[in-house]
Amino acid sequence: MSDEIPEVLEERTNSAEKQVMEIEDELDKLAKGDLSYVGDPRLDKLLSDNEKLKHRLAVLENAIEKEKRGSTSAVVIKKPKILPTLVTDINSVDGTFCILDELINIFTLGITSAYPDLEDPPVNITLSGNNPKFGDYQCNSAMQISKLLKDRDVKTNPREVANNILNKTPTSPLVSKTEVAGAGFLNIYLNKQFAEHILNYILKFGVKPPPVKQQRIIVDFSSPNVAKEMHVGHLRSTIIGDSICRLLEFLKHDVMRINHLGDWGTQFGMLIAHLQDMYPDFKTHSPPIADLQAFYKESKKRFDEDEEFKKRAYACVVQLQAGQPDYIAAWKLICNVSLQDFQTIYDRLNIKIVPRGESFYHSRMMTDVKELKEKGYLEEDEGRLIMWPNPDNHDGIPLTIVKSDGGYTYDTSDMSAIKQRVQEEKCDRFIYVTDVGQYTHFVLIDACARRAGILSNDQRLEHVGFGVVLGEDKKKFKTRSGDTIKLRDLLDEGLKRALDKLIEKGRDKVLTPEELKQAQEAVAYGCIKYADLSHNRINDYVFSFDKMLDDKGNTAVYLLYSLTRIRSIARTAQISIEKLMEEAQKSGIKLNDETEWKLGKVLLRFPEVILKVSKELYIHSLCEYLYDICSAFTDFYDKCYCVEKDKSGNIVKIFYERLMLCEVTAKVMQKCLNILGLTTVSKM
Ligand SMILES: NC(=[NH2+])NCCC[C@H](N)C(=O)O
């Protein structure tokens with residue numbers, strides 16, 4: 001076998017090693033108390049990059065080992081690469097077509113045929129940005145390839161490489177032209193007929209999801225704790241998690257929406273003991289516990305102050321864990337009070353979620369702990385049983401699987417949960433939506449589940465982390481009196497503010513009372529959701545009704561209003577959708593004006609944006625896209641008449657093709673808003 005391969009691998013290993021060292025340096029600083037990184041979104045990224053790089057390093061080192069061992073074998077059989085098949089006929093594609101993916105295919109062919117000796121050459125395609133001078137998309141691979149060649153002592157420069165690629169790149173009905181520009185960029189211009197074809201498809205058949213391999217995906221979100229306040233952090237998890245589910249459901253995945261409620265643990269001992277005292281006949285007469293938080297506080301006070309009560313509380317835990325029916329009944333009762341409370345919030349926000357709390361894993365935890373123990377994964381530590389991801393490396397913190405009093409923990413339930421999700425639910429993807437503070441918890445669960453053989457190499461836990469909710473004073477979000485904000489009050493205030501806003505705009509004079517109420521709810525809940533979703537989730541986020549109810553800028557109010565305006569254009573011209581479709585049979589959308597062409601190109605990006613967000617789970621990209629559509633639409637509508645009227649307001653000409661473009665815009669916007677969980681209204 002040639003010596004060349006280990007050399008390349010060694011080089012890659014060196015570079016990966018260097019990156020690991022750099023990141024470890026940063027982490028080191030952090031460990032030494034350099035707090036400037038805390039709460040910084042870059043930290044989260046560094047930590048996850050570090051994990052990935054370590055993994056890659058291990059893979060590469062393994063490969064070197066293998067190569068070294070096998071270096072006596074004589075023949076190398078190069079696996080033939082499976083090259084992509086390209087689109088040759090416009091009519092063979094529909095509205096679900098991802099342009100970026102096809103461009104990657106086209107340039108993969110171009111680059112591999114220009115440089116057949118390069119293994120896995122970089123194929124780097126991006127959107128060109130706003131300047132039409134740079135085309136619609138750009139291929140930036142020439143610089144990287146030129147560098148790779150130089151490292152192998154091949155004399156060349158990026159422009160030459162770009163020209164070579166261009167010569168070998170097959171033509172495509174998607175692309176009108178490609179040019180070499182600047183230092184070696186390849187500027188790609190899309191073909192208008194192709195774009196028109198796709199938009200006409202969407203006009204006829206609606207917005208359909210791009211085809212992807214169907215997966216079974218679990219999304220663990222919301223997950224408040226029984227008998228405690230569901231706080232703004234849980235609200236973020238609820239909103240982000242729901243939107244992720246909607247997106248994945250749109251892509252036709254089999255999505256499990258799971259509410260991993262904190263409904264198990266020693267706190268139930270004192271709650272049950274208190275319940276027995278306060279409502280001795282709780283089994284026959286459902287006690288009127290309206291305020292479970294107050295009930296919790298009372299029982300906690302007794303627990304802390306009354307030794308006798310404390311003892312009883314512990315005894316209750318034992319009975320509960322043993323499955324004693326009376327105790328199970330008491331526990332269920334308490335859980336149901338909380339659950340009903342949570343459900344009112346879900347109903348108001350139109351969110352579906354299935355409760356499956358920590359208690360669900362109770363019996364599984366017993367068997368799972370036994371198994372972990374038997375397989376030697378657990379170690380004793382001051383009476384506890386702990387688990388390290390790597391038995392030879394005790395840096396950082398381990399999982400606590402069994403407490404010194406024999407009880408199980410949050411860690412235990414998450415180990416059992418991941419096992420259940422892999423082995424019983426047979427999920428392909430595992431998504432957890434919590435605050436960034438739990439990042440290390442999930443890294444540990446992932447690593448330990450891998451060590452225990454629960455997760456295989458191609459499976460991983462995905463933590464969708466988000467920052468803290470802050471008040472307008474940039475401090476922790478509290479009421480004026482310093483109490484935590486009740487979600488119900490927050491939603492009520494949203495409703496009130498939304499109504500004020502609509503009245504301020506005089507909408508109460510134009511809308512029927514029913515329309516006004518629909519608009520009020522759509523605006524109130526929409527603005528709370530959108531403000532959360534439109535920010536990069538990793539960052540802390542400032543909760544401000546004034547900002548979220550602004551009708552300018554990237555806000556729900558602006559978007560919802562824009563959509564109703566677009567929808568009203570055909571309506572005021574009294575053109576029915578049937579009439580529009582009839583006209584579409586004759587001509588279809590034409591993108592003649594520069595602003596029409598621009599709007600058309602933004603609309604074409606829908607599948608690309610959806611696919612990207614479904615991989616990375618950063619919903620704000622979808623919000624930015626929605627805002628891009630609105631901006632492009634405004635430019636178009638300012639410049640192009642859809643309906644021409646004479647001086648006395650009579651319609652003299654109707655531009656059907658433009659009304660069709662309005663319709664497609666509305667369809668795409670509507671779909672995006674649905675995915676974000678916003679309710680749209682026809683009038684507001
Ligand atoms: N599988 C999980 N750990 N899900 C998240 C649970 C969130 C937890 N109940 C909390 O309030 O912080």
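**Helix burial and packing**

Biologist: Which residues of α9 are buried?

Modeller: Tyr296, Ser299 and Phe303 are the buried residues of α9. They fall within an arc of 75 degrees when viewed down the axis of α9, so they line one face of the helix. The arc is taken over the directions from the helix axis to the C-beta atoms. A residue is buried if 20 or more other C-beta atoms lie within 10 Å of its own, exposed if 12 or fewer, and partly exposed in between, with C-beta atoms placed from the backbone. Please note that this is a predicted model, in which local features need pLDDT of at least 70, side-chain atom pairs count only at pLDDT 80 or more, and totals for chains, interfaces and linings use all residues. Residues are numbered from 1 along each chain as its sequence is written.

Biologist: And what is exposed on the other side of α9?

Modeller: Ala294, Lys297, Asp304 and Glu305 are exposed there.

Biologist: What covers the buried residues of α9?

Modeller: The cover includes α8 (267-278) and α10 (307-321). Helices here are DSSP runs of H or I with at least four residues, strands are runs of E with at least two, and both are numbered from the N terminus.

Biologist: At what angle do the axes of α8 and α10 cross?

Modeller: They cross at roughly 110 degrees and come within 7 Å. That makes α8 roughly perpendicular to α10 (angles of 65 to 115 degrees count as such). Axes are lines fitted to C-alpha atoms, for helices over the stretch in contact, and angles run from 0 to 180 degrees between N-to-C directions.

Biologist: Which residues make that contact?

Modeller: On α8 they include Phe268 and Met270, and on α10 they include Phe309, Arg312 and Leu320. Two residues are in contact if their C-beta atoms, placed from the backbone, lie within 7 Å.

Biologist: Changing topic, how far apart are the axes of α6 and α23?

Modeller: The axes of α6 (residues 192-205) and α23 (residues 656-676) are 9 Å apart, and the helices pack at about 70 degrees. They are therefore roughly perpendicular to each other.

Biologist: Which residues of α6 meet α23?

Modeller: Leu199, Ile202 and Leu203 of α6 meet Met660, Glu663, Val664 and Lys667 of α23.

Biologist: What covers the buried residues of α22?

Modeller: The cover includes α16 (513-533), α18 (556-572), α20 (594-604), α21 (606-616) and α23. Among the buried residues of α22 are Leu622, Tyr625, Phe633 and Tyr637.

Biologist: How many helices and strands are there in the protein chain?

Modeller: The protein chain has 23 helices and 16 strands, and buried residues make up 35% of its 684 residues.

Key:
Parallel < 35°, antiparallel > 145°, perpendicular 65-115°, else oblique.
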